[in-house]
Amino acid sequence: MADAHGSVSVARVPFGPSAKSLGNGALWLAAFLSGFVIEEPAPYELYMAVLSVVWLACGLKLRREFGPLIICMMLYTAGGIASIPMAQEMGDAIMYIAVSGFLAITSIFYAAILADDPNRIRIIQNGYIVSAIFVATIGIAGYFHLFPGAAYFTLYDRARGTFQDPNVFGPFLVLPTVLLIHRLLRGPVFRNLHVVAGLAILLLAIFLSFSRGAWGVLFAAVLLVYFLSLVTERNSRRRARLVFLGVAGVLAVFALLAAALSIDTVSQMFEQRARLVQEYDGARLGRFARYALGFQLVMEHPLGIGALEFNKYFPEDEHNVYLKGFTTYGWLGGTVYIIMAIWTLCALVPLLFKARPWTGFTQCVFAVFVAHLILSVIIDTDHWRHMYMLYGLSWGLIAIDKLERKRFFGNRQDPLPAAR
């Protein structure tokens, strides 16, 4: 349009990606990098440190809806700080608690991100799934020595992918596996054949990790998601379809297992790892004996014994996150962690049965979170990056529900506009 002097003003078209698309891309990359923690500090940690600061500077809100997560994480970290003077190696203890504090921040970051915009669920989900399939492929290739130097991605003849330990590699793959299974249960199978390919890769990688914990987490999570899908499905025809897919899925898993066990080295390792109680579990000072002795020890140390100190009293570490809560974070941290876990579960349960676009994602997160809490009885999950992500995603979903209810009741109470 011409201005007062007759000249024409040209409308400027934005050039390049928008700030929103850049932010979403950065968030996708954060979820993707969560699968690369073979060395410390991992790329994920360095990236998240920068990303959290940038998002907070750009106005990311810390809402009261996920206030319990913030308070519990702060108290948990405070308990760790108070236990630092109890440690013999102060430097190692300080570094350990610093990492704990940083991971606590990442959980709060994920909660804030989801509470700010529920549409980011899809971005995090996609980034996590792509990362899981990529690192699973590396783990499988490493196990079968498909390229020079592939042995680097194995440990004790078990696939570890881009993780330090197969016992972390396997459980990390469970959430994306459950998400893909849920997609197959709810969507047309023939339109999701690419999902079947990715699912086969993830299942094989979890199996080749030979992590009994990962196998247990996968079984419990899939069973719980399948049960929730049946319970929440009201259409009898779709429910019959779910039953058929469940039977077909079990047969497919047995076929994949049979194919894997046809390889001698795989069969031998499976026979060894499939034993419910290993020698290091039931020995005189084995895993189970250390639990009882460890809890007796912390009764005498209200502030804990300090980070990374348990193996100075016993042959190995705690291998129990609840025991570690008391040894490393004192009575304060141990108690707070149990409260936080129970609080998260109780707050998530009502969301499982609500008809929302993100209910399927909520059911998957809930199932995997429950399975991880059970696993934490026999494995130390304290510094597992994806465990803190699960806490953040859980409270992000809880916050979304609370904010939605506030908006609904707020709109109902708004007075009608006056007639003109």
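Val 174, Leu 175, Pro 176, Thr 177, Val 178, Leu 179, Leu 180, Ile 181, His 182, Leu 184 and Leu 185 are the buried residues of helix α7, where buried means under 20% relative accessible area, exposed over 50% and partly exposed in between (1.4 Å probe, protein chains only). That is 11 of the 13 residues in α7, so the helix is mostly covered. The model is predicted, so local features need pLDDT of at least 70 and side-chain atom pairs count only at pLDDT 80 or more, while totals for chains, interfaces and linings use all residues. Residues are numbered from 1 along each chain as its sequence is written, and side-chain values use heavy atoms, with hydrogens and water left out.

Helices and strands here are DSSP runs (H or I, at least four residues, for helices; E, at least two, for strands), numbered from the N terminus.

Next, a helix pair. Helix α8 (residues 193-208) packs on helix α9 (residues 212-232) at about 140 degrees, with the axes 8 Å apart; axes are lines fitted to C-alpha atoms, for helices over the stretch in contact, and angles run from 0 to 180 degrees between N-to-C directions. That makes α8 oblique to α9, given that under 35 degrees counts as roughly parallel, over 145 as roughly antiparallel, 65 to 115 as roughly perpendicular and the rest as oblique. On the α8 side, Leu 203, Ile 206 and Phe 207 meet Ala 214, Trp 215 and Leu 218 of α9, contact meaning heavy atoms within 4.5 Å.

Thr 362 lies in helix α16 (residues 359-375) and is buried, with a relative accessible area of 0%. Not counting residues up to four places away in sequence, Thr 362 touches Leu 348, Leu 351, Leu 352 and Leu 397. Leu 332, in helix α15 (residues 321-348), is partly exposed at 41%. Leaving aside neighbours within four places in sequence, Leu 332 is in contact with Leu 75 and Gly 79. Leu 332 and Gly 79 are 253 residues apart in sequence, yet 5.5 Å apart in space, C-alpha to C-alpha.

As for cysteines, the structure holds zero disulfides (pairs of cysteine sulfur atoms within 2.5 Å). The sulfur of Cys 72 is 12 Å from the closest cysteine sulfur, in Cys 346, too far for a bond. Cys 72 is buried at 7% relative accessible area, and Cys 364 is buried at 0%.
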